[in-house]
Amino acid sequence: MKKIKALVIAPYRGLVELTSSLTDQLGDFDVTVVQRDLSESLPIRQYEEEGYDVIISRGGTAQLVRDRSSLPVVEIKISGYDILRLITLLKEYTTPIEMIGFPNIIEAVVAVSRLLDVHIPHTVIYEQDEVNAALEAARKKGALVIVGGTNTVRLAKEQGLQGILITSGKESVLEAFENAGNLCRAVGRYKAEGRMLSSLAQGAEQGMAAVQADGNVKFMNAAFLELLGTQSGPEAAQAMRRRFPALPEMLRQAEEKPDDSAAAFELYDPTFRYKLTAARGEDETALFHLYVRPVTESESDIQVQRLEPFLGTFPHLIRARADFRDSLAFAAKRLERRQPVTVYGEQGTGKRILAGTLWRQFRPEGGELLEVTVLRSSDEAYRQVKQLLEGAEEGSMIYLRGAERLSPKYQRRLADTVAKCAALMMFSFEKAPDRLQDEGLLEPDLFALMSGAIVEMKPLRSNPQELEELIRIFISENNEKYGKQVVGIRPKAQEALYEYAWKGNLIELRDTVKELVKAAEGEYIDEELIAALEKRRTEQSQPGAARTLNLDQPLQSIQKEIVQLVLQEENMNQSRAAKRLGINRSTLWRMLKDPT
């Protein structure tokens, strides 16, 4: 019997993982899973041409597809099991919560919560465009956690709130497939297998493009588009001008040169992350050939990256911690007077999050947050830092790491440059500045800029009372990411986590909970899971112990596992890990950021 060709459009990654794990139980189906939500355009015509018999999706995404497609659409409903799991997770929350959703979801959750004597504040909406108003109202009531569908959670996170997605469990997905099978068999609508989409092989790792002297883009390969962080030619042209602002003038000057001249030049982007080489083509089309690639650590003594894309590494709710709020208020008073702030603490204690929160609080439209890391002292390193500080616009923030690596001469010069910088300024160290000065690593002139505005980010082990709430936050995030329905942690397992030293602080806690949620088979994390994780870590940390990798997974996942192992061995120091791996920190960030 011919299998039913089903397309599952999953609004969140966890639903992709869950559906993929059930394919062995769906023998009547040929399943394709894609991740899309209301914030993305849906290529409905493409899906119809590919010969699918039925589309399965959830919530507003299912309704959108149903309105635009001639294919039958089956919705993954929220089951009673899903509601019970949600209420079990939420009832332990001490943080203010607001649930926002359509009547069918809200009424079901409220009915069950009343039976269980659990009160969940809620707001009913009737249209998707009511979400922002509901979020604003929830914020005014003091809510920090928003519970809702994919679009609601996405908008909540954009507004700085913690979002908990109402996820669908195994029972709901299997029921949807059962309904899809009944529907397809009832109407007898089997379609021929669709055409295979042709794709051009663009295997070159180096970004390549052809542009006219006026900046009009005629061609860009996939690697160039990826480096610019865009997907289309028009967007890429704008991104290229932002990344290399001197390029249009350089192209104009090169075009005016005699035909027999080389008309070639090199440019670095303002953050020194990429190097662009341009040369005039030899044909009669007046095109310039551009080649762009990341700058390696060996080519630069500093490393610069836009920090904003990485601020979502930890949940927004961490910013509600008491010690974090105190540090934030203290630092904000200094920045209001346009004076630099210094933050110090171990790896993973939230120094970047503090910088990002302050920047968002003070920045006007168009500002940017740059993390500048001095890798080693040199004339070139100081020149590049000086160039960045002098060129920084008001409303931007420079988050400077590794200033203690500069020589005394350059530190004294840096103090003068910082005093004239238009951007907000934050220094970052792992050791206390006074200790660095005692060790002869920090010049008095530079240290004087920091006196009176030094913030310590305390390690996680100094605040054990916050562990329970943080663990719960990471559980909810990883439930959404991996399609799990973990609602809590058993007491003995929780006690075991309290005994950890947490030398990697928030980073180590985040990665630990992620591993536990991924490994969990039921609704709770138990002590057996903790023991298995501890055993594996002990084996990996023993001198001479063979580090085992799970080779029964995609290459991308194996690469990420290697990166995580090296990070652990380097005590979560990303610069040292990147150096050992032979990659730059930008590549390491990208490998860690990509979901596995």
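Colleague: Are F427 and F429 buried or exposed?

Modeller: Both F427 and F429 are buried. Keep in mind that this is a predicted model.

Colleague: How do I read a pair of aromatic rings?

Modeller: Use the distance of the centres and the angle of the planes, which describe such a pair. A search of the whole structure finds 4 aromatic pairs. Take F427 and F429: their ring centres are 6.5 Å apart and their planes stand at 5°, so this pair is stacked.

Colleague: What kind of pair do Y500 and W502 form?

Modeller: A tilted one. The centres are 4.9 Å apart, with 40° between the planes. Y500 counts as buried because its relative accessibility is 14%, and buried means under 20%. W502 is buried too, at 2%.

Colleague: Which charged residue lies over the face of Y524?

Modeller: R490 does, at 3.9 Å from the ring centre. Look at Y93 as well: the charged end of R472 sits over its ring, 5.7 Å from the centre.

Colleague: Now the sheet. In what order do the 4 strands come?

Modeller: The order is β6-β5-β7-β8, in an open sheet with parallel pairing. β6 (122-124) and β8 (162-165) are the edges; each has a single partner strand, so one side of each lacks a neighbour in the sheet. Direction ignored, neighbouring strands are turned by 25° against each other on average.

Colleague: How many bridges join β5 to β7?

Modeller: There are 3, between residues 97-101 and residues 145-148. M99 has V147 in β7 as its bridge partner.

Colleague: Which strands does helix α6 lie across?

Modeller: Helix α6 (residues 131-140) lies across β5, β6 and β7. Its direction is at about 165° to β5.

Definitions and conventions
Residues are numbered from 1 along each chain as its sequence is written. This is a predicted model: local features need pLDDT of at least 70, side-chain atom pairs count only at pLDDT 80 or more; totals for chains, interfaces and linings use all residues. Side-chain values use heavy atoms; hydrogens and water are left out. Two strands pair if DSSP finds at least two bridges between them. Helices (H or I, at least four residues) and strands (E, at least two) are DSSP runs, numbered from the N terminus. Axes are lines fitted to C-alpha atoms, for helices over the stretch in contact, and angles run from 0 to 180 degrees between N-to-C directions. Contact means heavy atoms within 4.5 Å. Rings of Phe, Tyr and Trp (its six-membered ring) pair if their centres lie within 6.5 Å; planes under 30 degrees apart count as stacked, over 60 as edge-to-face and the rest as tilted. Buried means under 20% relative accessible area, exposed over 50%, partly exposed in between (1.4 Å probe, protein chains only). A charge sits over a ring if NZ of Lys or CZ of Arg is within 6 Å of the ring centre and within 35 degrees of the ring normal.
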